[in-house]
Amino acid sequence: LQQLYKLDSAAISAGVRNREFSAEEYVQQLLERIEKIEPKVNAFITVTADGALAKARQLDKRIRDGEEVGSLAGVAVSIKDNICVKGVRTTCASKVLDKYLPPYDATAANRLFEAGAILIGKTNLDEFAMGSTTEFSNKGPTRNPWDIGRVPGGSSGGSAASVAALECALSLGSDTGGSVRCPASFCSVVGLKPTYGLVSRYGLVSYANSLEQIGPFGRTVSDVTAVLNVIAGHDQRDHTTAVTSPQYVAGRDRQLRIGLVKEFTDDAESGIKKIVYQSAEKLESMGCKCEEVKVGALDHVLASYYTIATAEASSNLARYDNMRYGFELSPEGYEWNSYYSKARSGFGEEVKRRIIVGTYVLSSGYYGKYYLKAQQVRSVLQRDLKALFKKYDALLGPTMPIVPFKIGEKVDDPLKMYLIDIDTVVANLTGMPAISVPAGFAGGLPVGVQIMADDFQEQTVLDAASMIEKASDIRRSPEL
Amino acid sequence: METKIGLEIHCQLTGVMTKLFCACHCDYRGRSPNSNVCPTCCGLPGTLPLLNKKSVEFAAMISIALGCKIPLEIAFYRKNYFYPDLPKNFQLTQYNAYGITSIGTDGNVRYDEGKSAGIRRVQLEEDPGRLVYESGSIETSTYSLIDYNRAGVSLVEIVTEPDFVEPKDVRVFLDKVTSILEHLGVCDTGLEGAVRCDANVSVGGGNRVEIKNVSSFADVEKALRYEITRQKTMVSKEIEVKAETRHWDDARKLTKESRTKEEEQDYRYFPEPDVPRVHLGSSFISRVKESMPELPDARKERFVAGHGLSSQVAQVLIDRKEMADFFESALKVYDSPAEIANWIVNDLMGLIDERQRQERSIFSSLKIRPPHIAELAKLVDDGSVNRSTAKQILSRITESGEMPSEVAKQMKASKIDDVDELATVIDSVFKSEPNAVEDARRNPNAVNFIFGKVMKATSGRADPKAALDLITKKLKE
């Protein structure tokens with residue numbers, strides 16, 4: 001029996017299309033795999049087994065009938081549980097949305113379905129995407145498939161783990177401060193945060209609107225490219241999308257001018273540092289020019305990031321008052337304000353922490369001191385990076401300064417936890433595209449490198465990632 | 001003691017088709033609760049606001065008409081507070097700070113003769129949903145229901161400077177603003193809740209009191225009178241006036257302390273990230289200006305200069321767009337401006353009671369239409385009816401909708417005093433009742449029988465004296 005679950009998206013859609021195997025067989029294998037793996041990994045909040053099988057059979061029939069099918073025909077995708085899918089429970093790993101059934105599809109999800117992709121399940125995350133480890137979930141932590149004692153990164157940890165553990169080929173995550181790239185690095189898969197405005201956010205449950213993008217996961221650069229080609233482009237339901245519908249190609253070798261971000265590399269663990277330098281050498285051997293650069297304006301980026309993110313979050317999450325949807329809580333005997341307090345105590349500790357911080361930084365008299373200052377830092381950073389991208393096509397560095405750590409290790413120290421986002425938040429503050437691509441292992445644990453480019457230069461990011469992929473030949477899935 | 005009054009007027013843009021940030025219909029009235037909603041205006045997770053460009057255009061028109069400056073760029077801000085009628089627990093509105101302003105600022109409106117009021121700002125925002133109290137009032141209800149049909153409807157808030165002294169002036173100003181809104185076609189001011197007004201008032205430099213829950217403009221005047229008297233009385237007794245929000249009690253005609261807890265709200269304004277700044281630009285502003293219909297001031301000027309109306313008569317006409325339109329439609333039928341204006345302003349308005357006069361739309365409950373007034377004026381002009389008869393006709397057709405000429409004919413016919421017409425009837429009665437005629441010739445008392453027959457034949461409309469004269473004369477022939 002062919003192990004279909006190991007195939008990448010191009011092979012699956014070709015196989016299904018040419019009727020070498022049926023979508024149903026493939027989905028069936030995945031469901032068996034999920035059943036076997038999930039007790040160890042806990043990547044999924046909801047597995048949509050019945051829906052996936054029905055969709056697979058439907059697709060098989062359409063192919064038998066000679067109908068046209070989309071570019072991702074038959075490919076199983078998982079979707080982070082903060083992205084709405086019509087009629088499928090979307091919980092954000094939170095008690096306050098425990099029973100929530102969205103009445104509509106997120107644009108990105110819908111585009112995947114239109115292209116023939118099959119939803120296999122909704123993946124685990126830090127509650128409302130607030131976290132870097134997928135430990136802050138009311139459904140329990142997701143475990144790193146490479147070492148189930150360790151975190152998979154976050155907040156899209158379920159998405160990255162589901163792809164690494166061969167529970168699906170592709171996944172959609174969301175990246176507000178590194179939430180796609182961090183777990184991609186920790187789980188040794190490819191994860192892209194597109195330029196702000198390239199992918200519609202319609203249907204993505206907002207954490208910090210001005211920072212976040214939906215981004216794809218795959219085991220290869222070419223898989224990520226295939227998803228991006230489907231989800232990217234203008235959406236009339238999202239004012240912040242750019243009027244463009246680009247197509248990208250995978251696997252091109254180019255002679256790029258690459259800047260190696262000294263601040264990021266210097267602060268990384270030595271094993272990671274070594275891998276970053278090796279990646280640079282590999283790129284040079286393929287004709288690229290690499291040199292060390294200093295970004296400079298990095299001192300305040302984390303403070304700026306957490307100020308903006310928490311401010312926006314405090315307002316975005318105000319709607320969860322349990323009056324229109326949510327969880328079982330009778331309003332009998334409460335007056336409004338006390339009901340709000342009761343309902344909103346359903347949030348987890350990290351979410352409460354961020355709501356309180358965000359409420360504080362926006363409060364009267366502090367706006368200018370915090371939120372406005374943070375926006376100024378953002379402009380300065382944007383200006384400095386724009387200048388750098390006049391000299392370099394792309395910036396290279398580690399995705400994360402550390403390798404995956406033990407579950408529970410940092411959970412009680414929020415500041416320490418926030419510090420590990422230092423390399424990823426830059427792309428969110430500037431809106432620029434960034435990818436994490438597997439580049440090696442340090443002490444047996446996955447290490448990804450991050451490539452960042454100027455606004456809408458996704459092609460450059462994909463090209464550089466694909467060159468590292470070719471040169472490194474990294475294993476993408478662990479034994480489980 | 002110096003009185004200072006400022007106003008906050010909320011006007012729904014009922015002239016746009018859809019809500020401010022989604023495609024739901026802006027006409028929510030009469031729909032069953034929570035049927036005029038979508039994921040966006042319900043604030044469901046993951047939804048994004050999509051700005052209605054028409055609303056921006058309408059808000060710009062209002063700003064221009066109120067003499068405001070319009071910035072080249074506008075932004076929307078979140079006003080964060082918890083209240084059950086707000087689906088997102090924040091309201092998308094505008095904010096004047098950090099180098100960005102609302103769509104209109106620093107305006108000025110002249111009203112009455114030589115008076116004017118400053119407009120602090122005009123801003124575009126979403127209307128919240130509606131709370132329906134089980135027993136009709138917040139104080140006696142054990143539960144309340146929420147209807148989000150209204151949530152997200154475009155609302156323009158007009159904030160004046162505290163430039164008013166007299167409650168009467170407020171009334172005149174509000175009439176003017178309402179007429180402007182009507183002329184712009186942005187708001188059907190006759191709809192319940194389409195235009196709302198809160199007022200704030202202070203006397204002798206004391207604390208400012210805000211008056212809310214005033215349902216009609218006439219009541220704004222009453223509420224202000226009450227509140228000014230209340231504050232002045234307190235001051236004269238050396239009691240400090242509290243800075244507070246008071247509610248207008250429509251039944252008892254007084255303002256009362258609101259029972260809801262007053263606390264200083266911190267709205268934590270910040271720019272809405274999902275609606276990028278809107279660049280208006282000078283071409284937008286000039287385009288809007290060009291597309292603007294005639295405003296009340298210009299129309300009044302035209303009525304005075306073009307139609308020779310007095311300033312007072314013209315003012316009454318333009319205070320309601322409906323009335324000015326009525327006047328102009330009537331002119332198209334019969335071009336006698338002074339006569340027609342006079343009939344509308346003096347006579348027609350005189351027939352309307354105070355309660356009706358407070359409705360924004362007077363004509364919707366009346367059957368009279370422009371052609372009626374036109375014809376009436378013509379009948380008077382050509383001497384067909386005299387003025388006092390015409391007034392009787394007007395009183396009748398206002399309710400019935402009959403044409404004046406028909407009514408005039410009936411009224412005239414009700415006394416057939418035309419000799420020839422009466423003679424014809426009498427002739428036929430003489431022919432059909434030969435025996436009675438013989439009797440009458442012998443016995444003068446029997447004449448009554450013939451007279452009765454004549455009255456019957458004319459359905460009682462024959463002029464009795466004329467008929468009797470003719471019958472007596474004919475009997476002697």
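Which residues form one aromatic cluster with A:Tyr100? In this predicted model, the cluster brings together A:Tyr100, A:Phe128, A:Tyr320, A:Tyr325 and A:Phe347.

Over all chains, the count comes to 28 aromatic pairs. One of them is formed by A:Tyr371 and B:Phe270, with 5.6 Å from centre to centre and 65 degrees between the planes, which makes the pair edge-to-face. The cut-off behind that label is an angle over 60 degrees. A:Tyr371 belongs to helix α13 (residues 371-391) of chain A, while B:Phe270 belongs to strand β14 (residues 270-271) of chain B, so this pair joins two chains. Are these two residues buried or exposed? Both A:Tyr371 and B:Phe270 are buried.

A second pair to look for is B:Tyr111 with B:Phe173: the ring centres are 5.7 Å apart and the planes stand at 75 degrees, so this pair is edge-to-face. B:Tyr111 sits in strand β5 (residues 104-111) of chain B and B:Phe173 in helix α2 (residues 167-184) of chain B, so the pair ties together parts that are 62 residues apart in sequence. B:Tyr111 and B:Phe173 are both buried.

Now turn to the strands of chain B. Eight of them form an open sheet with mixed pairing, in the order β5-β6-β9-β1-β10-β11-β12-β13. At the edges stand β5 and β13 (254-257) of chain B; each has a single partner strand, so one side of each is left without a neighbour in the sheet. From one strand to the next, the twist averages 30 degrees.

Within this sheet, how do strands β1 and β10 of chain B pair, and over how many bridges? Strand β1 (residues 3-12) and strand β10 (residues 195-203) of chain B pair in the antiparallel sense, over nine bridges. As a landmark, B:Thr3 stands opposite B:Val203 in β10(B).

Helices meet the sheet too. Helix α1 (residues 53-65) of chain B packs on the sheet and touches β5, β6 (115-126) and β9 (154-160) of chain B. The direction of helix α1 of chain B makes about 170 degrees with that of β6(B). Helix α3 (residues 217-236) of chain B lies across β1, β10, β11 (209-212), β12 (244-249) and β13 of chain B, and runs at about 15 degrees to β10(B).

Conventions. Residues are numbered from 1 along each chain as its sequence is written. Chains are lettered from A and ligands numbered from 1 in the order in which they are written. This is a predicted model: local features need pLDDT of at least 70, side-chain atom pairs count only at pLDDT 80 or more; totals for chains, interfaces and linings use all residues. Side-chain values use heavy atoms; hydrogens and water are left out. Rings of Phe, Tyr and Trp (its six-membered ring) pair if their centres lie within 6.5 Å; planes under 30 degrees apart count as stacked, over 60 as edge-to-face and the rest as tilted. Helices (H or I, at least four residues) and strands (E, at least two) are DSSP runs, numbered from the N terminus. Buried means under 20% relative accessible area, exposed over 50%, partly exposed in between (1.4 Å probe, protein chains only). Two strands pair if DSSP finds at least two bridges between them. Axes are lines fitted to C-alpha atoms, for helices over the stretch in contact, and angles run from 0 to 180 degrees between N-to-C directions. Contact means heavy atoms within 4.5 Å.
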